[in-house]
Amino acid sequence: VQLQASGGGLVQAGGSLRLSCAASGRTFSSYNMGWFRQAPRKEREFVAAITWSGGSTYYADSVKGRFTISRDNAKNTVALQMNSLKPEDTAVYYCAGSPAGGYYRDEYDYWGQGTLVTVSS
C-alpha cells in the first residue's frame with residue numbers, strides 16, 4: 001500500500017482545513033487508517049484512527065470535538081477534517097495504514113510522506 005497525504009497549508013487560528021490521504025493497492029479497504037502528527041522537536045503523536053469498515057473512530061483528547069476522521073473505501077481515501085484549529089495544531093501530519101492499526105505508531109506498517117499544517121495566531 002502506498003499512501004499520499006495532501007491538503008496541508010497555512011490557516012489562521014479558528015479556521016479549518018481538510019487533509020486527504022489517497023491509497024493505492026487492493027487491500028486499503030481491509031486496513032485500519034490513522035493520522036499522526038509531528039511538531040518541531042517533538043515526538044510523532046497519534047491524532048485519529050478509523051477502523052477498516054469506518055464503524056469505529058478514535059481521537060486524541062487534544063483534538064476530540066474539533067477533528068473528524070472519515071474514509072471512502074470505494075475511492076481509497078481517508079480524510080481528516082480539522083476545525084477550530086489552534087497554533088498548537090501546527091505540525092506535519094502523516095497518514096498511516098495497517099490491518100490492526102490503533103493508537104500507536106508501531107502498529108502501522110505503511111506511512112504517507114506527510115503534509116505540513118501551520119496555524120497562525
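1. Arginine 41 counts as exposed, at 83% relative accessibility. Here buried means under 20% relative accessible area, exposed over 50%, and partly exposed in between (1.4 Å probe, protein chains only). Arginine 41 has a positive phi of about 65 degrees, although it is not a glycine. Most residues other than glycine have a negative phi. The residue lies in the loop between β4 (32-38) and β5 (45-50). Strands are DSSP runs (E, at least two residues), numbered from the N terminus.

2. A word on the basis. This is a predicted model, where local features need pLDDT of at least 70, side-chain atom pairs count only at pLDDT 80 or more, and totals for chains, interfaces and linings use all residues. Residues are numbered from 1 along each chain as its sequence is written, and side-chain values use heavy atoms, with hydrogens and water left out.

3. Serine 84 also deserves a look. Its phi is near 50 degrees, a positive value in a residue other than glycine. Serine 84 sits in the loop between β8 and β9. It is partly exposed, with a relative accessible area of 41%.

4. Which residues form the salt-bridge network? A salt bridge is a side-chain nitrogen of Lys or Arg within 4 Å of a carboxyl oxygen of Asp or Glu. By this rule the count is five. Aspartate 89 pairs with arginine 37, the closest N and O atoms being 2.9 Å apart. That pair links distant parts of the chain: aspartate 89 is in the loop between β8 and β9, arginine 37 in strand β4, 52 residues apart.

5. Aspartate 89 also meets arginine 66 in a salt bridge (2.7 Å, N to O). Arginine 66 lies in the loop between β6 and β7 and aspartate 89 in the one between β8 and β9, so this pair ties together parts 23 residues apart in sequence. Aspartate 89 is buried at 1% relative accessible area. Arginine 37 is buried at 6%. Arginine 66 is buried too.

6. Another salt bridge joins the side chains of aspartate 61 and lysine 64 (3.2 Å, N to O). Aspartate 61 is exposed, at 68% relative accessibility.

7. The search of the whole structure finds one disulfide, defined as a pair of cysteine sulfur atoms within 2.5 Å. It joins cysteine 21 to cysteine 95, S to S 2.1 Å. The link is right-handed, with 60 degrees about the S-S bond. Cysteine 21 is in strand β3 (residues 17-24) and cysteine 95 in strand β9 (residues 91-98), 74 residues apart. Cysteine 21 is buried at 0% relative accessibility, and cysteine 95 is buried at 0% as well.

8. Four strands make an open sheet in the order β1-β3-β8-β7, with antiparallel pairing. Two strands pair if DSSP finds at least two bridges between them. β1 (2-6) and β7 (67-72) stand at the edges with a single partner strand each, so one side of each has no neighbour in the sheet. Six bridges join β7 to strand β8 (residues 77-82). Arginine 71 has valine 78 in β8 as its bridge partner.

9. Tyr58, Tyr103 and Tyr104 form a nonpolar surface patch, with about 350 Å² of accessible area together. Areas come from the Shrake-Rupley method with a 1.4 Å probe; for residues, only the protein chains shown count as cover. Patch residues have over 30% relative accessible area and no salt bridge; like charges are joined within 9 Å, nonpolar side chains (Val, Leu, Ile, Met, Phe, Trp, Tyr) within 5 Å. Tyrosine 58 is in strand β6 (residues 57-59) and is partly exposed at 33%.
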